[in-house]
Amino acid sequence: MKRTWACSPRSQAAFAREGWVFDQIRAAIADRRAHPREDAISHLCRQQVMGRPLTDYELECTIYLLIIGGVDTTTSLTGQTLLHLHQHP
């Protein structure tokens, strides 16, 4: 089912690329399961919930949230910093 969005063309273009992001995440999960490293994705791949390993879907969602959370907080911090500097030259 294709999603439709009532938003700006720029936002629609970003949502259209969401599939690419998940493709990259899936590839990273497969790579880390086959070749673990000392990184966050490898660490998540080794975790268990109630005695069972995380599913690929659970890993995909968790990694996506980490990425989006990092983007959102950085954007917010930058905006708030510029506002503060503008108000307190």
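1. Let's start with the charged cluster: Asp31, Arg32, Arg37 and Asp39 are joined in a network of salt bridges (a Lys or Arg side-chain nitrogen within 4 Å of an Asp or Glu carboxyl oxygen). Within it, aspartate 31 and arginine 37 meet through their side chains at 2.9 Å, N to O. Aspartate 31 comes out partly exposed at 24% relative accessibility, and arginine 37 is also partly exposed, at 43% (buried is under 20% relative accessible area, exposed over 50%, partly exposed in between, with a 1.4 Å probe and protein chains only).

2. A word on provenance: this is a predicted model, where local features need pLDDT of at least 70, side-chain atom pairs count only at pLDDT 80 or more, and totals for chains, interfaces and linings use all residues. Residues are numbered from 1 along each chain as its sequence is written, and side-chain values use heavy atoms, with hydrogens and water left out.

3. The structure has seven salt bridges. One of them pairs aspartate 56 with arginine 33, closest N and O atoms 2.9 Å apart. That pair links distant parts of the chain, with aspartate 56 in helix α4 and arginine 33 in helix α2, 23 residues apart (helices are DSSP runs of H or I, at least four residues, numbered from the N terminus). Another joins glutamate 58 and arginine 52 at 2.7 Å, N to O.

4. How many aromatic pairs does a search of the whole structure find? One: phenylalanine 22 and tyrosine 64, stacked at 4.7 Å centre to centre with 25 degrees between the planes (ring centres within 6.5 Å make a pair; planes under 30 degrees apart count as stacked, over 60 as edge-to-face, the rest as tilted). Phenylalanine 22 lies in α2 and tyrosine 64 in α4, so the pair ties together parts 42 residues apart in sequence. Phenylalanine 22 counts as buried at 17%.

5. The largest nonpolar core has nine residues: Ile25, Ala28, Ile29, Ile41, Leu44, Cys45, Leu54, Leu59 and Ile63 (buried Ala, Val, Leu, Ile, Met, Phe, Trp, Tyr and Cys joined through side-chain atoms within 4.5 Å). Helices α2 (18-34), α3 and α4 each supply at least two of its residues. Leaving aside residues up to four places away in sequence, isoleucine 25 touches Glu60, Ile63, Tyr64 and Ile67 (contact being heavy atoms within 4.5 Å).

6. Don't skip serine 42 in helix α3 (residues 40-45). Serine 42 is buried at 1% relative accessibility and touches Arg32, Pro36 and Arg37, not counting residues up to four places away in sequence.

Notes:
Rings of Phe, Tyr and Trp (its six-membered ring) pair if their centres lie within 6.5 Å; planes under 30 degrees apart count as stacked, over 60 as edge-to-face and the rest as tilted.
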